[in-house]
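Please consult the sequence and the model displayed below while reading.

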Amino acid sequence: METPACAICGRSNFICSDLNSPLRSVLEARQSFKDYGITITDWAEQHGVHKGSVFQVLYKKHRSFRGNAHVIGVLLRLKNGDISEFISMRDKAQLSSEVAQ
């Protein structure tokens with residue numbers, strides 16, 4: 001069976017690669033960054049979210065109810081949710097930037 005890859009960054013074997021995986025705690029999500037040697041800043045850039053928002057979600061200073069915080073929470077498997085609109089908007093923006101070049 002093929003390992004799923006993240007629909008946004010293409011990375012496999014990380015939290016964001018399987019949105020059907022079990023939910024995890026904030027501590028587990030933070031540990032995953034350390035275990036895989038991925039910086040929060042790099043992950044945020046690859047996913048098109050503000051790095052400050054990722055830090056706020058990971059350090060429980062911001063609840064992941066809506067907007068980017070919601071997307072971050074879903075991608076890090078802190079919560080279930082629908083982020084198809086975010087992925088669609090991101091794909092359209094990426095396509096527009098490629099056409100403009």
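## Overall fold

The secondary structure of this protein consists of five helices and zero strands. The model is a predicted one. Followed along the sequence, the elements give the pattern α-α-α-α-α.

Of the contacts in the protein with a separation of 6 or more, 48% are accounted for by residues 24 or more positions apart.

## Surface and burial

The protein has 101 residues, and buried residues make up 36% of them. Its accessible surface comes to about 6,500 Å², and carbon and sulfur atoms contribute 50% of that area.

## Cysteines

How many disulfides does a search of the whole structure find? The search returns zero. Two residues, Cys 6 and Cys 9, illustrate the point: the sulfur of Cys 6 has its closest cysteine sulfur in Cys 9, at 3.7 Å, which is too far for a bond. The cut-off behind this reasoning is 2.5 Å, because a disulfide is a pair of cysteine sulfur atoms within that distance.

Cys 6 is buried, with a relative accessible area of 5%, whereas Cys 9 is partly exposed, with a relative accessible area of 25%.

## The segment before α1

The helix α1 spans residues 26-36, and Ser 21 is placed in the segment before it. The side chain of Ser 21 reaches the backbone oxygen of Asp 18 at 2.9 Å.

Asn 13 is also located in the segment before α1. At 46% relative accessibility, Asn 13 is partly exposed.

## Positive phi angles

Most residues other than glycine have a negative phi. Asn 13 has a positive phi of about 65°, although it is not a glycine.

Arg 77 likewise is not a glycine, and it has a positive phi of about 60°. Where does Arg 77 lie? Arg 77 is found in the loop between α4, which covers residues 67-75, and α5, which covers residues 84-100. Arg 77 is buried, with a relative accessible area of 2%, whereas Asn 13 is partly exposed.

Technical notes:
Residues are numbered from 1 along each chain as its sequence is written. This is a predicted model: local features need pLDDT of at least 70, side-chain atom pairs count only at pLDDT 80 or more; totals for chains, interfaces and linings use all residues. Side-chain values use heavy atoms; hydrogens and water are left out. Buried means under 20% relative accessible area, exposed over 50%, partly exposed in between (1.4 Å probe, protein chains only). Helices (H or I, at least four residues) and strands (E, at least two) are DSSP runs, numbered from the N terminus. A polar contact is a pair of N or O atoms within 3.5 Å; within protein, one must be able to donate a hydrogen and the other to accept it, and residues adjacent in sequence count only if both atoms are side-chain atoms. Contact means heavy atoms within 4.5 Å. Accessible areas come from the Shrake-Rupley method with a 1.4 Å probe; for residues, only the protein chains shown count as cover.
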